[in-house]
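Dear colleague,

I am passing on the structure we spoke of, and below it you will find notes on what came out of going through it. Please keep it open beside the text as you read.

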Amino acid sequence: MTVKDMVYAALFAALTAALGLLPMVVVPGITAPVTVQSLGVMLSGGVPGAKRGALAQAVFMALVVAGLPLLAGGRGGIGIFIGPTGGFAIGYVLGAFVTGWLTERLWVGLNLPRAALACVVGGIGMVYLLGIPWMGAVARIGLAKAAMGSLVFLPGDLVKAVLAAMVIVAVKKAYPIIKR
Amino acid sequence: MFEIRLSRITWLHRVPAGVKLLVLALAGAVVFLTDDPRVLGGFVGFALALPLLAWLPFGPVLRQIIPAAILIAALATFHVALGDPGTAALVAARLGTVILLAVALTLTTRASAMVEALERGLTPLRFVGVSPAKVGLMLSLATRFIPVLFALTAEIREAQKARGLEGNVFAVAMPLLVRTLRMADDLAEAIAARAYDGE
């Protein structure tokens, strides 16, 4: 782990925290609050790469566990990890890693659809992959019901994936970090 | 620094962070492994009694547990609707216990004490190349970056307002990212120039 890895990880952990401290957007027609925090997961992987992205999300989760109110809506503390939503928290780390890994693979000729693919697979797919079975098991509601409950967040997450992809492509042009 | 911890000191504040973490971990393990209603009832009683015994004020405790309480109530209702009140009680008892204990821990422990306890807990990972000192540096850098990000955002938004671009998300996000990435590079160089090796 180089000093640069550490500083980038800290920066993207802070960025994820800052996105959670922004006021929540209440979309009419959707009862669940839409937060922009998962943008942080996609950007952590897509801008500085897989290893630093995963590290950034691990640092962010360590700050949350330590008791800073950094999750959207001013929540925090170790309860987040052991409750029904704990899988999503671990999914953030895996999600950032996979987003970054795919972005690195698609780096040459990276465009909006490719970056969006990386964000959807990593930032949505991996987060749900860990979050939904965890919720199903801990709350004993089964996989199908847990998946149904998470479906409300999917449209918002897709919009965020496109937004993150636009930023990732623009940063590649302005200040590329991932070297190929 | 902003944190969830209460500033009014109770006896629970004085219990070392490592001890509180250990109690939480043990209680979490027990309630998820047992089906015995007497044991579960004991832990629910302990979790309910702890905030009262420590004289934690109701307001902050409620603010922390309400989101979780809504979720637990929804899950319990779901199980009752399926005609399985036993599972409803089991799920509510398990989740209620760990969340109440976790809130009691968070409300009475300094973030810095938690970071220290985490660093100590990570010491065995030294053998796989994770140095606790490096973890500590990343955590403190990240907490310092948060206010810096907000200050930079305000500055850039003002500059873009002069150009009539204050409503454009990208006109703010792009300069913010490029400036903070450059800042991170400078900072990494400055740390490396002081021969930092993380030990």
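In this predicted model, helix α6 of chain A (residues 112-138) passes α8(A) in a right-handed crossing. The axes of the two helices come within 8 Å and cross at roughly 130°, and α6(A) and α8(A) are therefore oblique to each other. On the α6(A) side the contact is made by A:Leu112, A:Ala115, A:Ala116, A:Cys119, A:Val120, A:Gly123 and A:Ile124, while the residues they meet in α8(A) include A:Asp157, A:Ala161, A:Ala164, A:Met166 and A:Val169. Sorted by class, the residues of this contact are 13 nonpolar, one polar and one charged.

Some of these residues come back when one looks at A:Met42, which has its place in helix α2 of chain A (residues 37-46). Once its neighbours within four places in sequence are left aside, A:Met42 is in contact with A:Cys119, A:Gly122 and A:Gly123, with A:Ala161 and A:Ala164, and with A:Thr99. Is A:Met42 buried or exposed? There are 32 other C-beta atoms within 10 Å of A:Met42, and a residue counts as buried at 20 or more, so A:Met42 is buried. A:Met42 also lies 8.8 Å from A:Lys160, C-alpha to C-alpha, although 118 residues separate the two in sequence.

Turning to the contact between the chains, 39 residues of chain A and 49 residues of chain B take part. On the side of chain A that touches chain B, at least two residues each come from α1 (3-21), α3 (50-65), α4 (79-82) and α8 (154-174), and α1(A) gives the most, with 13 residues. That side of chain A is made up of 30 nonpolar, six polar and three charged residues.

The last element I looked at is helix α8 of chain B, which runs over residues 169-193. After α8(B) comes B:Ala195, whose phi is positive, near 60°.

With best regards

Terms used
Residues numbered from 1 in each chain as written. Chains lettered and ligands numbered in written order. Predicted model: local features only at pLDDT ≥ 70, side-chain atom pairs only at ≥ 80, totals over all residues. Contact = placed C-beta atoms within 7 Å. Helix = DSSP H or I, 4+ residues; strand = E, 2+ residues; numbered from the N terminus. Nonpolar A, V, L, I, M, F, W, Y, C, P; charged D, E, K, R; others polar. Axes fitted to C-alpha atoms, helices over the stretch in contact; angles between N-to-C directions. Parallel < 35°, antiparallel > 145°, perpendicular 65-115°, else oblique. Left-handed = near helix turned anticlockwise from the far one by under 90°. Buried ≥ 20, exposed ≤ 12 C-beta atoms within 10 Å, placed from the backbone. Expected span 1.5 Å × (residues − 1).
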